[in-house]
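Here's a quick briefing to read alongside the sequence and the 3D view. Have a look at the structure first, then work through the points below.

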Amino acid sequence: MQPTHKTYTVKEATLKMMKFCAYQERCHQEIEQKLKDMRMIPEARQEIIYKLIQENFLNEERFAQSFARGKFNQKKWGKIRIVRELKLRNISRFNIDSALKEISAEAYFNTFEELSIKKWETTRENNLLKKKKKVADYLFYRGWESNLVYEKLQELEQQEK
């Protein structure tokens, strides 16, 4: 027996996608994938995406700004990680630049300071070189710029001595 899959009319799929977009900001790629999973034909997907954009349910710039703010404020990601993740979602350079403007320079620097100091203090490693590597790896993984990381590690190392 064949497993049955629910089929959707364009109207049903559009309403379902409107709810999906209303719940949280989405990018075009997520919507496209969701419609493919619903087995919608390319013409229907195109029509639905057009309608979502027209009615402002789908807005890539708004998505990018919301994404950048959220990842920075909640997960303490640096700009490198945010840019990489937005590129993975096929967000345009213009929208990525617009998203990065959502993060003030002061907040960015303060968050980096807090995060690096906290990680330095909680890293239990007697070998100073290994400790610096662990802290650097942690900060790089979160997408912080290498010049910031290396300067901060020098500063923390001096304080430790």
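**Helix packing and cores at a glance**

Helix 7 and helix 8 are oblique to each other, because their axes cross at roughly 140°. Keep in mind that this is a predicted model.

**Helix 7 with helix 8**

- The axes of helix 7 (105-122) and helix 8 (128-141) come within 10 Å.
- Their crossing is right-handed.
- On the helix 7 side, the contact is made by F112, L115, S116, K119 and W120, while helix 8 brings L128, K131, K132, V135, Y138 and L139.
- Sorted by class, that contact between helix 7 and helix 8 has seven nonpolar, one polar and three charged residues.

**Helix 4 with helix 6**

- Helix 4 (residues 60-75) and helix 6 (residues 93-100) have axes that come within 8 Å and cross at roughly 40°.
- With that angle, helix 4 and helix 6 are therefore oblique to each other, and the crossing is right-handed.
- From helix 4, E60, E61, A64, Q65 and A68 meet F94, N95, S98 and A99 of helix 6.
- By class, the contact of helix 4 with helix 6 comes out as four nonpolar, three polar and two charged residues.
- Which residues of helix 6 are buried? They are N95, I96, S98, A99 and L100, and these buried residues pack against helix 4 and helix 5 (79-88).

**The nonpolar cores**

- The largest nonpolar core has 27 residues, and I82, L86, I91, L139, W144 and V149 touch the most other members.
- Helix 4, helix 5, helix 6, helix 7, helix 8 and helix 9 (146-160) each put at least two residues into this core.
- Helix 4 gives the largest share of the core, five residues.
- There is also a second, separate core of 14 residues, with A13, C21, I31 and L35 among them.

**W144 and T111**

- Skipping its neighbours within four places in sequence, W144 is in contact with F72, K76, W77, G78, I80, Y108, T111, F112, L115, L139 and V149.
- T111 sits in helix 7 and counts as buried, because its relative accessibility is 12%.
- With neighbours within four places in sequence again left out, T111 is in contact with F72, K76 and W144.
- F72 and K76 therefore turn up in the contacts of W144 as well as in those of T111.

**Loop residues with positive phi**

- As background, most residues other than glycine have a negative phi.
- R39 has a positive phi of about 65° although it is not a glycine.
- You'll find R39 in the loop between helix 2 (28-37) and helix 3, where R39 counts as exposed because its relative accessibility is 55%.
- N56, another residue other than glycine, has a positive phi near 65°.
- N56 is in the loop between helix 3 and helix 4, and its relative accessible area of 42% makes N56 partly exposed.

**Q54**

- Q54 belongs to helix 3 (residues 42-54).
- Is Q54 buried or exposed? Q54 counts as exposed, at 51% relative accessibility.
- Q54 and K101 are 47 residues apart along the chain, and their C-alpha atoms are separated by 25 Å.

Notes:
Residues numbered from 1 in each chain as written. Predicted model: local features only at pLDDT ≥ 70, side-chain atom pairs only at ≥ 80, totals over all residues. Heavy atoms only, no water. Axes fitted to C-alpha atoms, helices over the stretch in contact; angles between N-to-C directions. Helix = DSSP H or I, 4+ residues; strand = E, 2+ residues; numbered from the N terminus. Parallel < 35°, antiparallel > 145°, perpendicular 65-115°, else oblique. Left-handed = near helix turned anticlockwise from the far one by under 90°. Contact = heavy atoms within 4.5 Å. Nonpolar A, V, L, I, M, F, W, Y, C, P; charged D, E, K, R; others polar. Buried < 20%, exposed > 50% of the residue type's maximum accessible area, 1.4 Å probe, protein only. Core = buried A, V, L, I, M, F, W, Y, C linked by side-chain atoms within 4.5 Å.
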